[in-house]
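Subject: Structure handover

Hello,

Please find the structure below. My notes on what was found in it follow.

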Amino acid sequence: MNAIQIKKILKEHDLQLNKRLGQNFLIDNNILDKIIITANLSKQDTVLEIGSGLGTLTKELAQKAKKVITIEKDKKLTEILKQELKDYENVELIEADILRSDLCKGRTSKLKDYKVVSNLPYYITSPVIRMLLESDNPPQEMILMVQKEVAQRICAKPPKMNLLAVATQFYANPKIIFSVSKNSFWPRPKIDSAIIKIEVRHQQMSDLEKDSIKKFFQVVKAGFSSPRKQLANNFYTKLSIPREQIKEALAECGLPHQARAENLSVENWQKLIKEINA
Ligand code: SAH
C-alpha cells in the first residue's frame, strides 16, 4: 500500500490516525519484501503479528505462513481490517492490547512454536520484547521493526551495555539485519528504523531457574542504578555488599575493579553473581 491508497481508505472511513498509538504504516514494498525474506517463513509456521495497522504486512505473512494471528488495539482499524482480510482464511484478527492480552501466556496458549513478525508501535518496544522473552511461552524468534537507536541499544556490546541489552541478550541473540529510512512510512516518523532479528535461546524454564533469573536481574538492576558509577559503589549502596568483596569478585572474573555496569556482558554478569554469592 502506498500513501495515496492509505489516505483514500482513511478518507472513506472518515478516520484520523492516532499518533499516540505509533501508527506509522509501511509504504515501501522493497522493505516489505526484505522483511518477508528475513522471516524465512514456511507453510508450517505460525506467526504472531503485533499491530496490524491496515494489514499490509499481515497479507504478505499470510501468503507464506500456515497461520497468522494478528493483534490490533485500535477498534477503528479492526473494523476496516475485517473487510481487508476477509479473503485470507489463515488469518485470525484479534482486537486487543498486546500488553494486556494473555495470548502468549501459559501452556494453554493457542500459540505454540511460533514466530513474531511485527512493525512494532514504538512506544511499547521494550515492554513488548521483555514480556515475550520472560513469558512461559516465548516465541522461537522475532523479526521486529524498531527505532534505529533502540535496535543499537538492544544489540549493544561491552563497553556500551545497558539494561535492555542485558535483558534481551540473557534470553536471546539479537542482530540488526538492515536499516530502514523514515521515508518508508506514512505518516513519516521523526527517526529512522531498523529490522532486528532476535533468536530466542531459552524455551521452558523450571521454577528454580525462574527464581535464579529473578535474583540475576535484581543484581543487574542494582548495577545499572547509577550507570556512571562504578559497580562496587552501586552494589554497596543498593545491596549492602562490602566494596572490597566486590572488587575481589571482579578480579576473579578478570574485570578491573573500577568496572561499570556498561562493561559487563551477560556472561560476565553470570560469573560475577556466582562469585558474590560464593
Ligand atoms: N503493521 C502495520 C502497522 C504498523 S503501525 C504496517 O506495517 O503498516 C503499529 C500498529 O500497532 C498501529 O496500527 C497501532 O494501532 C497498533 N498498536 C498500537 N499499540 C498497540 C497495542 N498495545 N497492542 C496492539 N496493537 C497496537
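Asn-40 is in the loop between helix H2 (29-39) and strand E2; helices (H or I, at least four residues) and strands (E, at least two) are DSSP runs, numbered from the N terminus. The phi of Asn-40 is near 50 degrees, a positive value in a residue other than glycine.

Before the rest, the conventions. The model is predicted: local features need pLDDT of at least 70, side-chain atom pairs count only at pLDDT 80 or more, and totals for chains, interfaces and linings use all residues. Residues are numbered from 1 along each chain as its sequence is written, and side-chain values use heavy atoms, with hydrogens and water left out.

Cavity

The structure holds one cavity of 30 Å³ or more. A cavity here is a set of points, on a 1 Å grid over the protein atoms alone, where a 1.4 Å probe fits but cannot get out; lining residues have an atom within 4 Å of a point. The largest cavity holds about 350 Å³ of space, where a volume is the space filled by probe spheres set on the points, and points are joined across faces, edges and corners. It is lined by 26 residues, and Gly-51, Ser-52, Gly-53, Glu-72 and Asn-119 are the closest to its centre. Elements giving two or more residues to this lining are E1, strand E2 (46-50), helix H3 (56-64) and E3.

Ligand

The ligand sits in the largest cavity, in the sense that more than half of its atoms lie within 2 Å of the grid points. Strand E1 (25-26) and strand E3 (67-72) are the elements that give two or more residues to the shell around the ligand. In total 22 residues surround the ligand, the closest being Gln-23, Gly-51, Glu-72, Asn-119 and Tyr-123; the criterion is a heavy atom within 4 Å.

- Tyr-123: a side-chain N or O atom is 2.9 Å from a ligand nitrogen.
- Leu-26: a polar backbone atom is 3.0 Å from a ligand oxygen.
- Gly-53: a backbone N or O atom is 3.3 Å from a ligand oxygen.

Taken alone the ligand exposes 570 Å², and the protein buries 100% of that (Shrake-Rupley method, 1.4 Å probe).

Cis peptides

Pro-158 and Pro-159 are joined by a cis peptide bond with omega about 5 degrees. Pro-159 is in the loop between helix H6 (148-154) and helix H7 (163-171). The bond from Trp-186 to Pro-187 is also cis, omega near -10 degrees, and Pro-187 lies in the loop between strand E8 (185-186) and strand E9 (193-200).

Regards

Definitions and conventions
A polar contact is a pair of N or O atoms within 3.5 Å; within protein, one must be able to donate a hydrogen and the other to accept it, and residues adjacent in sequence count only if both atoms are side-chain atoms. On a 1 Å grid over the protein atoms alone, a cavity is a set of points where a 1.4 Å probe fits but cannot get out, and a pocket is an open set with protein on both sides within 12 Å along at least five of seven lines; lining residues have an atom within 4 Å of a point.
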